[in-house]
Amino acid sequence: MWDAELDVVIAGAGGCGLIAALAAAEKGLEVAVFEKTEFILGNTAASAGMIPAAGTRFQKEKGIFETAEEMAEDILKKNHYESDSELTLALCQESARLIEWMVDSLGIELSLVEEFSYPGQRNRRMHAPKSRSGLELIKKLRMEVSNRDNIYLTLKSELTDVIIENGKVSGVEVDTSHGKQKIKAEKVILATNGFGANKDLVNKYIPEIADALYFGYEANTGEAIKIGEKIGAALDCLTAYQGHSAVDEAHGILVTWGTIMMGGFMVNKEGQRFGDEAQGYSEFAKEILLQPDKHGYIIFDEDIYDQLLSIEDFKNIAEMNGFKSAETVVELAEKLKIDGEALINTMEEFELATERGKDAFGRKHFPKKLTGKLYGIRVVPALFHTQGGLKINTHAQVLNNNNEVIENLYAGGGAAVGVSGKNSYGYMSGNGLLAALGFGKIAGDHAAKTIQERVENK
Ligand SMILES: Cc1cc2nc3c(=O)[nH]c(=O)nc-3n(C[C@H](O)[C@H](O)[C@H](O)COP(=O)(O)OP(=O)(O)OC[C@H]3O[C@@H](n4cnc5c(N)ncnc54)[C@H](O)[C@@H]3O)c2cc1C
């Protein structure tokens, strides 16, 4: 019946799948990774590569001492306590170990992001590759995978089913370039991300963002969720997602929210602000969809511009002249093709709000007065990825509707329920990679540990 037999089979070669593979392979297991596309990219490559973690040595070196409990509290506050608190804490407890393992065992250079803090994070806790780019991260993971002779990576191979025997998962069915294959495995890890690229599912579960650009990986069409549902897995928080308010549509590049968090603001085509931008870029996305032509303009100053040039994506936009700059508000408005008089008023109101430390929208985050040359860019809102999925426990094992473990099946990253609650406001920066890499590591370690225990007890 079987075409091949391995210890661990992983579907999806994004951040979650590759980390899970490396963790399981480190313990000497034979691992296969099946990737639907012909590339190793996924959303992980599109990301800014920022991984949050509490209690790392990189934080301590900078005098930042925080606990997993504090990090979990920040995440829970952001999602209004809608995510599972045990799962959230488990990920935060894993986070420092994960970062240090990636640096020490995988040789991936990561540093603490000191440029700015993201909404709701009490300390600097993002760790990222030097370029602040997920592409660098995934390339390094891929290189590590190819250095292991007990990991078999197969491209153009789509997971089409999970096979169950005697109530336990015993393998998978994969559609490969050699046809359908049945692969036997002691443990199966689903790392195929969510359903952001599946318009029907987005319309069904999160219609509020269905009109926005989808800025994630086209292959993420929700198979883990569909297969999981078929075999009786419980699904949770399917309405959760990461939106983003600032995609430079002209160049297809993300504009860092640092532009806002360092002191900028957003207006619509009529030169008017329309909300508290600092609450978070995810929930602000749906506000932009309500504006004329469904887009916005970020306004910031030279000082912010200069500091953000350290971020690869930002620098790329700058090199392609994506940002407009001007000495006066009117000149900037002209270049951006927005209402100049209204922008002058908005600028004056924003200056007053900066002095007072609050505004009519409830914004309290005004780190600096905008001075000198002004910069602006037109942006559109986007859906980055979905955050709900298969219900899992703290070992990343998939649960059924009675909260019982489905034997031998794990999920992580966008395929599983994340820690972003049930709404767009629940996404705290970093929740995506935290759930992908964190649950990938937890799943890989747990799968390896249980296989080794079984072998030892034989
Ligand atoms: C522009 C952008 C910026 C972001 N920035 C950040 C950030 O800085 N920090 C952060 O924490 N998060 C960020 N995120 C979110 C983060 O990228 C994701 O949460 C994370 O990468 C998900 O990892 P994953 O392994 O679950 O999925 P992916 O990396 O998308 O990998 C899934 C893989 O599974 C494959 N696949 C899909 N279906 C199948 C199938 N049936 N069979 C086999 N393979 C399949 C896909 O082709 C893909 O390669 C960002 C997202 C975007 C879009």
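Reader: Which radius of gyration does the protein chain have, and why does the value agree with a compact globule?

Author: The model is a predicted one. For 458 residues, a compact globule would have a radius of gyration near 23 Å.

Reader: What box do the C-alpha atoms of the protein chain fill along the principal axes?

Author: The secondary structure of the protein chain comprises 15 helices and 20 strands. Taken along the principal axes, the C-alpha atoms fill a box of roughly 75 × 45 × 40 Å.

Reader: How many Å separate the centres of domain 1 and domain 2?

Author: Domain 1 is made of two segments, 4-237 + 387-456, whereas domain 2 covers 241-383. Their contact takes 24 residues from domain 1 and 29 residues from domain 2. Taken over C-alpha atoms, the separation of the two centres is 32 Å.

Reader: How many residue pairs are in polar contact across the interface of domain 1 and domain 2?

Author: The side of domain 1 that touches domain 2 consists of 12 nonpolar, seven polar and five charged residues. Salt bridges between the two domains number two. For polar contact across this interface, the count of residue pairs, both at pLDDT 80 or more, is eight.

Reader: At what N to O distance do the side chains of Lys294 and Asp211 meet?

Author: Side chains of opposite charge can pair when their charged atoms come close. Lys294 and Asp211 meet in a salt bridge, with an N to O distance of 3.7 Å.

Reader: Which residue forms a salt bridge with Arg122?

Author: The structure holds 28 salt bridges. In the one formed by Arg122, the closest N and O atoms are 3.9 Å apart. Arg122 lies in the loop between strand S4 (111-112) and strand S5 (126-128), and its partner, 52 residues apart, is in helix H4 (residues 68-78). That partner is Glu70.

Methods. Residues numbered from 1 in each chain as written. Predicted model: local features only at pLDDT ≥ 70, side-chain atom pairs only at ≥ 80, totals over all residues. Heavy atoms only, no water. Domains from an automatic or database assignment. Contact = heavy atoms within 4.5 Å. Salt bridge = Lys/Arg side-chain N within 4 Å of Asp/Glu carboxyl O. Polar contact = N/O pair within 3.5 Å; in protein donor to acceptor, adjacent residues only side chain to side chain. Nonpolar A, V, L, I, M, F, W, Y, C, P; charged D, E, K, R; others polar. Helix = DSSP H or I, 4+ residues; strand = E, 2+ residues; numbered from the N terminus. Rg over C-alpha atoms; globule rule 2.2 N^0.38 Å.
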